[in-house]
Amino acid sequence: MKFGGLDTRCVHSGNYIDPDVGGVNTPIYWSASFIFPNQKGELKYPRHFNIPTQIAVAGKISALEGGDWGLVFSSGLAAVNALFAAALRSGDHALFQDGLYGGTQHFVQSILPRFGVMYDIVDGGRPADFQAAIKTNTRLIFVESPTNPLLNVIDLAEIAAIGRKAGVLTAIDNTFATPINQNPIALGFDIVMHSGTKYLNGHSDICCGALVGRRDLFQPILAAAQDLGGNLDPAACYLLERGLKTLGLRVSRQNENARAIADYLSGNPAVRRVYYPGLGSHPGHETAAKQMRGFGGMLSFELDCDAATARTFAGNLSLIKTAVSLGGVESLLCFPCETSHAKVPPEQRLKQGISDTLVRLSVGIENVDDLIADIENALGKIR
Ligand SMILES: *Cc1c(COP(=O)(O)O)cnc(C)c1O
């Protein structure tokens, strides 16, 4: 039986109950060696992505995204690796949206040319630009929505339709939205990628990634994944599965909290600009409202001060910690120019709108009044 509700899927989908024991949680199969052949004649090996602890959590993510299969990796970038290795070969061309996660941008620019893969980076605001950039050898369109850290939104149904018409594989980094807020496969995408390090696990204690997709794409991606490695170890699989059980609860609270903080900051004279797709003033608001069920727990804002004062503001916060990464139960703040986009050359970074005073906030599940009081107190000290 396939369950309908996302919260139900969070709790139940994929769970493996060992019939001999009956534990309600998926066992951690801490084994790299398995009797061969087993009763079903299978060869099990962690790097084949086929041990029960891996299959269970991958099945849960796939059920949440509405895919036919899922694979879990040791990081989001390992998932990107497997996808690109499966989809692209020397002489191929790929299209990437501008403003992708900094690590993905660096991967594209530093690794792909070495393997003879050509690419263009396309302004994500206008899907027609993707259409115009497609060449006869284009094999992949890869986008991210909302983007990190400016929360740019791209029309996913339009991108998927462009890809399908041209026979080009479409893939999306759905890390920021999470499957609770957005399901790109239902909008026509072929592959969804996640940095599970963020919302999927949600507790800032493991690094992991995932790919979910349509049935016909499974074999080439599994083959590439097995060649590259990057499988997730059983203990981390277990933690990820445990974290996913509360994904729906966490994300709906994070949607609410982020909305309230975005409203608070929007009315504050110390803040020059707020980036949150839930705000009517956000350029991507209409598209986001069309394709997302919630606007997410990420927001960014530009303080009306110099770079040093912005760091003083961050240091004045007590509840909200300055730290890398995002999507956990605790609220975290960072300066993207120093973290996610540190490897992007400064001119390119500024062109993308990522200044030295841009603050990114990953909103947690705390009481929102406490979060706003913390921000108000820190702003008061720099005024
Ligand atoms: C963190 C992140 C990644 C990279 O994932 P890792 O788990 O760090 O490898 C990719 N995309 C987005 C949007 C991210 O936030």
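The model is predicted: local features need pLDDT of at least 70, side-chain atom pairs count only at pLDDT 80 or more, and totals for chains, interfaces and linings use all residues. Residues are numbered from 1 along each chain as its sequence is written, and side-chain values use heavy atoms, with hydrogens and water left out.

**The whole chain**

The chain holds 14 helices and 12 strands. Helices (H or I, at least four residues) and strands (E, at least two) are DSSP runs, numbered from the N terminus. The radius of gyration is 21 Å, close to the 21 Å that the globule rule gives for 383 residues, so the chain is as compact as a globular protein of that length. That radius is taken over C-alpha atoms, and the globule rule is 2.2 Å times the number of residues to the power 0.38. Along the principal axes, the C-alpha atoms fill a box of roughly 70 × 50 × 35 Å.

Buried residues make up 54% of the 383 residues. Buried means under 20% relative accessible area, exposed over 50%, and partly exposed in between (1.4 Å probe, protein chains only). Contact means heavy atoms within 4.5 Å. Among contacts between residues at least 6 apart in sequence, 73% join residues at least 24 apart.

Helix α6 spans residues 156–166, and its buried residues are Leu156, Ile159, Ala160, Ile162 and Gly163. They cover an arc of only 160° around the axis, which puts them on the same side of α6. The arc is that of the directions from the helix axis to the C-beta atoms. The face turned away from this buried side carries the exposed residues Arg164 and Lys165. The buried residues of α6 pack against α5, β4, β5 and α11.

Helix α8 covers residues 218–228, with Ile221, Leu222, Ala224 and Ala225 buried. Seen down the axis of α8, these fall within an arc of 165°, so they line one face of the helix. An α-helix has 3.6 residues a turn, so residues three or four places apart point the same way. On the other side of α8, Gln219 and Asp227 are exposed. The buried residues of α8 pack against β1, α3, β6 and β7. Just after α8, glycine 229 takes a positive phi of about 80°.

**Two residues and their contacts**

Glutamine 254 sits in helix α10 (residues 247–266). Its relative accessibility is 0%, so glutamine 254 counts as buried. Leaving aside neighbours within four places in sequence, its contacts include Tyr199, Val363 and Ile365.

Valine 368 belongs to helix α14 (residues 368–382). Beyond neighbours within four places in sequence, valine 368 is in contact with Asn257, Ala260 and Ile261.

**Backbone details in loops**

| Cis peptide bond | Omega |
|---|---|
| Phenylalanine 36 to proline 37 | about -10° |
| Asparagine 148 to proline 149 | near 0° |

Proline 37 is in the loop between α1 and α2. Proline 149 lies in the loop between β4 and α6.

Phenylalanine 49 is also in the loop between α1 and α2. Its phi is near 60°, a positive value in a residue other than glycine. Phenylalanine 49 is buried, with a relative accessible area of 7%.

Serine 325 has a positive phi of about 75°, although it is not a glycine. Serine 325 lies in the loop between β10 and β11. At 27% relative accessibility, serine 325 counts as partly exposed.
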